[in-house]
Amino acid sequence: MAEAESATERPVESTDTEPDEGRVTFTLAGVREGFITGFPVAVGVAGYGVVFGVIADQAGLSVAEAALMSATVLAGAAQLIGVELWADSVPMATVVATVGIVNLRYLLMGAALRPWFRQLSPRAAYGSIFFTADENWALTIGKLRSGSKRGAFLLGSGLVLWLLWIVATVLGVTAGDFLATPEQYGLDYVLTALFLTLAVGLWEGRESIRPWLAAAGVALVANALLPGEWYVIVGALAGAVVRMVSHE
Amino acid sequence: MSNALALDPTVVALIVGMAAVTYATKAGGLWLIGRIDLSERAEAGLDVLPGAVVVAFVAPALADGGVPEWVAAGATVAVAHKTGSLLLSLGVGVGTVLAARSVV
């Protein structure tokens with residue numbers, strides 16, 4: 001617990017948003033709040049579940065196989081890329097390795113949850129971390145940063161996303177071609193709008209300017225130069241490094 | 001061949017592999033960062049990580065977009081800033097992008 005001390009002593013101005021030791025809960029109320037808050041976001045994600053179902057169908061996966069993948073992997077971009085590679089007869093080990101690379105950003109997201117999740121039991125923390133997706137991770141971080149003590153929010157918002165993701169996958173495999181145009185309903189913009197909203201909540205004033213500019217700039221360059229989703233990792237690390245360098 | 005409930009052992013093996021590596025990345029960050037003793041400097045970096053991840057996500061998405069996406073981004077940020085309501089800012093963002101795309 002010594003590390004918790006240094007966390008609270010940090011000379012960051014927003015001390016009110018720091019978790020107090022031992023006060024993060026893991027309750028049904030937290031699950032429920034996450035579930036309800038996560039619902040509209042999960043609907044947006046479900047649009048991509050349908051797309052995944054269609055692509056899984058084209059790749060020759062059965063309904064059961066596609067649903068099993070959505071239920072156990074729960075990672076949109078990784079599933080899409082994995083199934084596409086699989087359809088191109090790429091060897092299994094290569095597909096799995098690629099999936100790991102696509103998912104590397106989760107390492108950073110999990111690390112960012114630590115100040116709150118280290119106060120939960122390992123079972124609660126490592127159980128609910130399975131339900132991490134980009135969208136509900138962002139919702140959860142926004143919630144916890146604004147002072148919520150509900151550690152079960154990730155699980156609740158992840159559960160609703162997980163359920164709709166599986167249902168949408170099945171829908172996509174069986175009836176997909178009619179539904180598979182998320183752009184038509186503006187669903188492709190849900191993730192952007194969500195992240196913009198969260199950025200407003202995470203903004204800490206002048207303190208944020210330099211790390212955020214670094215993150216945005218490096219992400220843009222990386223997006224142009226590197227394949228896949230490396231830009232998220234490289235950009236986010238650049239932001240963190242800028243803060244670390246300027247830290248006194 | 002396409003029996004809806006078919007479970008090809010090779011495909012199941014692929015799914016198990018994908019699920020395992022995905023869980024490893026999700027749990028790995030939490031686990032790893034709990035194992036090392038972080039300096040104050042590293043804590044400060046960790047502190048800025050959520051915002052940095054969000055910005056790194058969104059910047060290329062906006063750069064790849066066009067006028068409708070930018071207008072909608074402005075509307076989303078304005079509503080989020082004014083109301084703090086996620087539902088409202090999502091609705092306005094998606095509604096604006098749809099409306100703007102039909103115009104542009």
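The structure is a predicted model. The count of salt bridges between domain 1 of chain A and domain 2 of chain A is likewise zero.

On the side of domain 1 of chain A that touches domain 2 of chain A, the elements giving two or more residues are α5 (92-102), α6 (105-117) and α10 (190-202) of chain A. Sorted by class, this side of domain 1 of chain A has seven nonpolar residues, one charged residue and no polar residues.

## Extent of the domain contact

Domain 1 and domain 2 of chain A together bury about 670 Å² between them, and 79% of this area lies on carbon and sulfur atoms. The contact involves eight residues of domain 1 of chain A and eight residues of domain 2 of chain A.

## Domain layout in chain A

The domain assignment of chain A places domain 1 at residues 25-202 and domain 2 at residues 205-248. Taken over C-alpha atoms, the centres of domain 1 of chain A and domain 2 of chain A are separated by 23 Å.

## Confidence in chain B

Chain B has a mean pLDDT of 91, with 98% of its residues reaching 70 or more. Within chain B, confidence is highest in helix α3 (residues 67-83) of chain B, at a mean of 96, and lowest in helix α2 (residues 40-64) of chain B, at a mean of 90.

Terms used. Residues are numbered from 1 along each chain as its sequence is written. Chains are lettered from A and ligands numbered from 1 in the order in which they are written. This is a predicted model: local features need pLDDT of at least 70, side-chain atom pairs count only at pLDDT 80 or more; totals for chains, interfaces and linings use all residues. Side-chain values use heavy atoms; hydrogens and water are left out. Domain bounds come from an automatic or database domain assignment. Contact means heavy atoms within 4.5 Å. Buried area is the accessible area (1.4 Å probe) that two parts lose on being put together, summed over both. A salt bridge is a side-chain nitrogen of Lys or Arg within 4 Å of a carboxyl oxygen of Asp or Glu. Helices (H or I, at least four residues) and strands (E, at least two) are DSSP runs, numbered from the N terminus. Ala, Val, Leu, Ile, Met, Phe, Trp, Tyr, Cys and Pro count as nonpolar, Asp, Glu, Lys and Arg as charged, and the others, Gly among them, as polar. pLDDT is the predictor's confidence in each residue, from 0 to 100.
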